Each structure stands twice: as structure tokens, then as C-alpha cells.
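Hi everyone, thanks for coming.

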Amino acid sequence: AGRSRSRGGGGGGGRPVLKPSAGAWTRTNQNDLDEEQKVIKAATGILNKITVEKFDSLQKALLEVGITSPTILAAIIDKIFDKALGETHFAEMYAQLCAILHEGCPVFESDEPEGKPITFKRLLLQKCQYEFDRHRVGAEPPPSPPANESQEEKLTRELKEMKTRKRMIGNMIFIGELFNRKLIAVRVIHELINKLFLIDVSPETFKVPAPDDVMALSKLLETSGHTLDDERAAQHVALWFQRLAVLASTKELPARVRFGVDDVIAMRKNGWQARRKKQGPTTIDEVHEAAAKKEQEQYAFTARQLSGGGRMRPPPQFGGGGGGGRPGRGGPQDVRLLKKGAPAAGVRMPSGGG
């Protein structure tokens, strides 16, 4: 007979019963939520499902979710920002969603006496400013790490800095997309750029901004430069690109930052066309189409090899540097694919002698 194991916690040899900690997660009872929390939860669910294919239907569902207070409106904006800053390839889609919400969301009266009405656009701008001030790396120099910093502390600090940098870059891309849809005034964009260039604190004397500020600046201009660069802003744009030309050759900045500046300068010279195709959101149909195309190319390649129309490269672990059918140093000859039991024509077989 097989051995039986007690599943109880009290018997001898049984596993001890684990008691949940005081802060353990528990499922929220829907009945315990007030009406605002229920709407916010529903809106969050909609935003978590939104994709390029489902955009039309889900943006309508978001407008009809029940936005009845400024609290709900602010919570939706916070969620949109979290997703747009974390999913920069979808920033254009989330900016389009904001344009739709700006037109369709209700306007609320302010609780303050003679206060301005609370609109989607007003709360959106406040969130943009908050994210910019909160995550701007160059606003104040980071404190020097302690001399006795452990490896674990160093990794934790670097991870935090990386997350801050990523969110700042995401914020600049999203702000640029919002500006392209006229949700942010040109005056606000000018102020942000002047802050990143340190023009606001040093209008006459050139100062090198923090590397992360220069990177954020490059991303903002990449995203909205084609909209900014017009006759009305010609004087400002000329000053910005004069400074960018200096930054592109400033050894104080890391190479990756200087390359980003070079890309922006090249974009403007090329009519704001990027050197590399911008990677944006991909639909499911586009993924299937790319997979089918890759499969067809692989099939055609294999068919050419089987028909003797091409040569197979030797595996990296065998062949050396030889190409075009030449043997690698110390490796075997390049050979054509063989039919079972017969050598291909033109293949030199090794002689029986040593």
C-alpha cells in the first residue's frame, strides 16, 4: 500500500498552516467600492485593453464609462500618462485618445470661488508640468554616491536612475505628440525647450545641459520639430539649432547623446524625415503579414538550395573566414546541399589517401 500524507496542519508530520501577513493582498469586494472607484476601475480596464485594432470601440466605451466628477477625470488622465510614458511606441495613439477625450469629456465647475472651470485639457496640462518637474534629471545635480556604497545599493540606485530617465524621455515624446494635435500651446513647448537648453537661466552665456536633458530635448524635437519649425518661430529655432550644433561636438556629453543630437540636426536638413523608419504600433494583421512574408522568403531560399542554385555557408563553428565557396582556415569546404545518397555535381570529395 502506498504511503499516505496528512494534509492537515495539526497532525504529526503534516505541513504547518501558514498564516497570512497583516498586509497580504485580498480581492476587493465590488460592493465595498463607492461609485467613483467603480467608474475608475472600469476605465482602467478599458485602457488596459486598448489597441490599434480596438481603438474606435474602446474610446467610445471610455467616453460612456461615466465621467461624472473631476476626480474620475484626473484618475483617467493619470492612467493614460502611465501607459503612454511606459509604452512610447503607442504615444501617438494615446495622444489621439486625449484629443477625443478633450472634445467629449464634460466640463466641471471649480470648488474655489471664482475658480476656472475644470476641463480635460486643463488637467492634462497640469499633469504634463508635474511629470516634467518631477522627472527632469538635470533640474538639480544628483547627489554623489557614498564612498562605502555596496554593490546591491549601486544596482538599486542605477535602476532608479534608469526608470527616471525612461519616464522623462517618454514624457517628452508624449508632450510632442500632444502638441502635434494642438492640445499644448506653442508657448508651453518653447518654455520647456528653453529650460532644457538652460536658456531660461543663461540666455547669453552658453552652458552645457545635463546629458539626460539633452536626450529629452532631442526626443521632443524629433517628435514635434516638423510642427514647431515655421516662420513664426524662425528666430527661436535658429537659436536652438545653433546650440545643438555646439552640443554635437561637446566632449562633455556621452557619445550616445551626441549621436542623438546629430540625428535631430540631420532630420531638419532632410525636411524632418528620420534616417531610420520610426517604429510605431503594429496591428495583429501587420504581424501576421510580416510572419507570412518571412516564411515565404525562407521557403524560397530553401528551394534555391535544393535545386542547386546557391551555396550554403558553413556553420560558424566550422568555417573560418573564407567566403564564396572557399574553405575556412582549418575548416571543411563549402558544399551544396546533397540529395540523399548522391553527391552534388562539382563537389570535390576527399581522396582516400592521407
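Let's begin with F241 and W272, which are both buried. Keep in mind that this is a predicted model.

So how are those two rings arranged? F241 and W272 make an edge-to-face aromatic pair, with 6.0 Å from centre to centre and 75° between the planes. F241 sits in helix 9, while W272 is in the loop between helix 10 and helix 11, so the pair ties together parts that are 31 residues apart in sequence. There's also a charged neighbour: R268 lies over the face of F241, 4.7 Å from the ring centre.

How many aromatic pairs turn up in the whole structure? Searching everything gives two. The other one is F81 with F174: their ring centres are 5.1 Å apart and the planes are at 85°, so that's edge-to-face. F81 belongs to helix 3 and F174 to helix 6, so this pair links parts 93 residues apart in sequence. F81 and F174 are both buried.

Now back to helix 9. It has 14 residues and spans 20 Å from first C-alpha to last, close to the 20 Å expected at 1.5 Å a residue.

Which residues of helix 9 are buried? They are V237, W240, F241, R243, L244 and L247. Looking down the axis, the buried residues fall within an arc of 160°, so they line one face of helix 9. As a reminder, an α-helix has 3.6 residues a turn, so residues three or four places apart point the same way. Over on the other side of helix 9, Q235 and Q242 are exposed.

And what covers the buried residues of helix 9? The cover includes helix 7, helix 8 and helix 10.

Notes:
Residues are numbered from 1 along each chain as its sequence is written. This is a predicted model: local features need pLDDT of at least 70, side-chain atom pairs count only at pLDDT 80 or more; totals for chains, interfaces and linings use all residues. Side-chain values use heavy atoms; hydrogens and water are left out. Rings of Phe, Tyr and Trp (its six-membered ring) pair if their centres lie within 6.5 Å; planes under 30 degrees apart count as stacked, over 60 as edge-to-face and the rest as tilted. Helices (H or I, at least four residues) and strands (E, at least two) are DSSP runs, numbered from the N terminus. Buried means under 20% relative accessible area, exposed over 50%, partly exposed in between (1.4 Å probe, protein chains only). A charge sits over a ring if NZ of Lys or CZ of Arg is within 6 Å of the ring centre and within 35 degrees of the ring normal. The expected span of a helix is 1.5 Å times one less than its number of residues. The arc is that of the directions from the helix axis to the C-beta atoms. Contact means heavy atoms within 4.5 Å.
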